[in-house]
Amino acid sequence: MIVWTRAAMQNHPSDWALVDVETSGFRPSEHRVLSIALLTIDANGQVTGQFSSLLNPGCDPGPVHIHGLTMERLAGAPRFEQIAPEVAALLQGRVMVAHNARFDYDFLVHEFARARLRLPVDQRLCTLALNRRLSPPTPNMRLGTLAAHYGVVQRRAHDAADDTRVLAGVLHGSLTAAARLGLPLPLVPCPPRQTTRTRYPARTAKVACAYRNPGRLAVGSPLVQGMKIAITGDTRTARAELTAKAAAAGLNMMSTVSRHTSALVTNSPNSSSTKARRAAAEGVPLIDEPMFLRLLQHVQPGIPQQSTPLSPPHGISTITPQAGSSPDVARPDEPPGMALLGRRVLVLGGSHPRAAAARARVIALGGSAAVNLSSSVTDVVVLPGGNGDRRLARIRTLDLPMHDETWLHAPITSPPAWS
């Protein structure tokens, strides 16, 4: 650990809370913190506390190739609300320090809001902003580059615990340089604020369901493909993400509640929302978000619709390719049949519209589309760009059948690897 000098601490009689988070994406209102590390340092440069933990976000971890945090690795970790009190105690009364501090601060604001707590940060200091004032002779202002400039060895980039150790060295060097040059610190006040969450979540595109409605969800019973599900109130998982997971599993996601609704997902059983009132009037069963996420892992096969082929999701075109060309999206233009009934297909790679169209094709063929690599996956479709997915090694170890995009137009299936 860095031995703090008097030069670094003079004129800066503050207690510091150094923070680093790894996240599932870049939007705090939608994405989640996957790991967090804190290191507290007093006005004399002494380390007074430290904490680090992986976190179970209850959603897809995002760019695994960057942070290396898979769903399997995060599965047994605590949720943010479980460690929030400990994090709050380390932040209380201290200046929060991070590299690109606005990013870490905004994610913490949203995570604390989801936990129904206030983030106890009154001031923050960004080492990136500070070094822009200092203008060290470095090719860029990345944390690893500044660490090398200040003589700190970076061992594991994008590891929250190691990044806070590196951050401590960068802060020490930066404070020393600022004191030598007589530069003030770019401290940013952080008054309490509301998150940018709107009252009503943004609407998501309706995905047609390939299955008949089997009726109400009974207590202790699994979800069945075709069940009509509605969601009301705040959810820890972004509403759009929760809806996409459910639609990919073969559920019929509804924006309203009626007598045909199979279940209403709500974290507030006493909610007075329009959906909750209608559910009470119709006797629609209520389930909370954690239960819904557990049930999504084991959705049972449904009865296919006996109707015309399904249209692709709204906004996804069905371009007919010219000879010698390749379409940008999967083409759900042939009669779907039920060739994938009982299959669970994981789609890797592709642009968002292309991957969404491929999943819609899987559902139209009677299968269910997997979001994560779980024990229920029977087949894998690899779109362009999917060959770089880190899960491929595990897929090959499991000897799961892998197919290209053309397989979705004439699928030939073999017994599942686990049968």
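In the predicted model, a polar contact of 3.2 Å joins the side chain of serine 368 to that of arginine 344. Serine 368 belongs to strand E12, which covers residues 368-370, and its relative accessible area of 7% places it among the buried residues, because buried means under 20%. When neighbours within four places in sequence are left aside, the residues in contact with serine 368 are Tyr211, Gln225, Ala248, Ala249, Arg343, Arg344, Val345 and Val362. Arginine 344 is therefore both a contact of serine 368 and, through its side chain, the partner of serine 368 in the polar contact, a reading that rests on contact being defined as heavy atoms within 4.5 Å.

The side chain of threonine 378 pairs here with the side chain of aspartate 379, at 2.8 Å. Threonine 378 is buried, its relative accessible area being 0%.

With regard to the protein as a whole, the model contains 13 helices and 14 strands. Of its 419 residues, 49% are buried.

Alanine 168 is located in helix H8, which spans residues 160-181, and is counted as buried because its relative accessibility is 0%. Although alanine 168 and leucine 39 are 129 residues apart along the chain, their C-alpha atoms are separated by 8.1 Å. Alanine 279, in turn, has its place in helix H10 (residues 274-282) and is likewise buried, with a relative accessible area of 0%. The C-alpha atom of alanine 279 is separated by 7.3 Å from that of serine 258, a residue 21 positions away along the chain. If residues up to four places away in sequence are not counted, alanine 279 touches Val257, Leu264, Val284 and Leu286.

The packing of helices was considered next. Two packed helices are described by the angle between their axes together with the distance between those axes. For helix H4 (residues 80-91) and helix H5 (residues 101-114), the axes come within 10 Å and cross at roughly 125 degrees, which means that H4 is oblique to H5. The crossing of these two helices, H4 and H5, is left-handed. On the side of H4, the contact is formed by Phe80, Ala84, Val87, Ala88 and Leu91, which meet Leu108, Glu111 and Phe112 of H5. By residue class, the contact of H4 with H5 comprises 7 nonpolar residues, no polar ones and 1 charged residue.

Another helix pair is formed by H9 (residues 239-248) and H11 (residues 289-296), whose axes lie 10 Å apart and pack at an angle of about 30 degrees. H9 and H11 are therefore roughly parallel to each other, since angles under 35 degrees are classed in this way. H9 passes H11 in a crossing that is left-handed. In this pair, Leu242, Lys245 and Ala246 of H9 meet Glu289, Phe292, Leu293 and Leu296 of H11. The residues of the contact between H9 and H11 divide into 5 that are nonpolar, none that are polar and 2 that are charged.

Note on methods:
Residues numbered from 1 in each chain as written. Predicted model: local features only at pLDDT ≥ 70, side-chain atom pairs only at ≥ 80, totals over all residues. Heavy atoms only, no water. Axes fitted to C-alpha atoms, helices over the stretch in contact; angles between N-to-C directions. Helix = DSSP H or I, 4+ residues; strand = E, 2+ residues; numbered from the N terminus. Parallel < 35°, antiparallel > 145°, perpendicular 65-115°, else oblique. Left-handed = near helix turned anticlockwise from the far one by under 90°. Nonpolar A, V, L, I, M, F, W, Y, C, P; charged D, E, K, R; others polar. Buried < 20%, exposed > 50% of the residue type's maximum accessible area, 1.4 Å probe, protein only. Polar contact = N/O pair within 3.5 Å; in protein donor to acceptor, adjacent residues only side chain to side chain.
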